Amino acid sequence: MRNKTFIISAFTTLLLSTSAQAAESFVLQPVSDSNAVAPLVKFDDSTHYFVGITGGTSNISMTAITANNTQLSSPDAAGVVGADIGFYTAGGAGRIYYSWQKMSAQSNLNGTKAIETDVTLHLLNADYIFRADKTINPFIGAHLGYMMADSKGQDYGSNSQSDKVLGIQAGVAWRISNHITAEIGVRHTATQSEDIKPWSSKKMTSQIKSISTGYASLNYRF
């Protein structure tokens, strides 16, 4: 009789345990695949703000003539540093942005440094972007703005030139990720004044005519 009671009790316990397990919900666990390929950079056609840093070289076209009618060479190639801030338009096919650029160069007379020129540009740019939904994006654009230049020479005194500027740019951008873009390009900026102004010492006159720049930028898109 005791054996029968023990068997019935064990059987009842087994049934209750099985019923409790059956009542629990069945959940599928995700299986990770270590060989899965990371998703490609996605094209986002909404409006995005961005900031960027720029570096490159510039060629300043400047006329400088001494009082005895000796013309100095145009400044040597100069390094350029700069920063950009702006936004990409909805659809990704355009962008509008402000650029600040700074450069310094020197001009020689008979192979010796004669004057040094510092130039700052404040530019408002607008670009059209081709193949906006692709990873590689060629672009063209135009800009307008303002130039401030200061020149000085030990034997000639100093001179300042402030002028409105107009120009064009073109290049190629590469979308590295959803937020980071690198680009290379060229920019040509022309001054709008025709006046050749005398220096403080009256020993020289000069005028910056244009600035051509080759640059590389790294942009972060918010």
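Let me start with a hole: the largest cavity in this structure holds about 120 Å³ of space. Of the 13 residues that line that cavity, the closest to its centre are Y88, G92, I129, N137 and R221. Before I go on, a word on the model: it is predicted, so local features need pLDDT of at least 70, side-chain atom pairs count only at pLDDT 80 or more, and totals for chains, interfaces and linings use all residues. Residues are numbered from 1 along each chain as its sequence is written, and side-chain values use heavy atoms, with hydrogens and water left out.

What do I mean by a cavity? On a 1 Å grid over the protein atoms alone, a cavity is a set of points where a 1.4 Å probe fits but cannot get out, and lining residues have an atom within 4 Å of a point. Points are joined across faces, edges and corners, and the volume is the space filled by probe spheres set on them.

Searching the whole structure gives 3 cavities of 30 Å³ or more. Around the largest one, β5 (136-153), β6 (157-175) and β7 each supply at least two lining residues. Strands here are DSSP runs of E, at least two residues long, numbered from the N terminus. By class, that lining has 6 nonpolar, 3 polar and 4 charged residues. Nonpolar covers Ala, Val, Leu, Ile, Met, Phe, Trp, Tyr, Cys and Pro; charged covers Asp, Glu, Lys and Arg; the others, Gly among them, are polar.

Now the second largest cavity, with about 70 Å³ of space. Its lining includes F50, D84, R95, Y97, E183 and R187. Two or more lining residues come from each of β1, β3, β7 and β9 (204-221), and β3 gives the largest share, 4 residues. The class count there is 3 nonpolar, 5 polar and 4 charged.

Please keep an eye on R95, one of the residues in that lining. For a salt bridge, I ask for a side-chain nitrogen of Lys or Arg within 4 Å of a carboxyl oxygen of Asp or Glu. Between D127 and R95, the closest N and O atoms are 2.9 Å apart. D127 lies in strand β4 (residues 112-129) and R95 in strand β3, so this pair ties together parts that are 32 residues apart in sequence.

E183 and R95 also meet at 2.9 Å, N to O. That pair links β7 (residues 180-191) to β3, across 88 residues. R95 comes out at 4% and D127 at 5%.

The whole structure has 3 salt bridges, and one of them joins E116 to K113 at 3.2 Å. Here E116 is partly exposed at 29%, and K113 is partly exposed too, at 47%.

Strand β2 (residues 78-88) runs antiparallel to β1 (residues 48-66), joined by 11 bridges; two strands pair if DSSP finds at least two bridges between them. In that pairing, Y49 stands opposite F87. On to β3 (residues 94-109): 9 bridges join β2 to this strand, again antiparallel, and G86 has Y97 as its bridge partner. The two form a hairpin with 5 residues between them, and G91 in the turn has a positive phi of about 100°.

Terms used:
Buried < 20%, exposed > 50% of the residue type's maximum accessible area, 1.4 Å probe, protein only. 1 Å grid on protein atoms, 1.4 Å probe; cavity = no way out; pocket = protein on both sides within 12 Å on 5 of 7 lines; lining within 4 Å.
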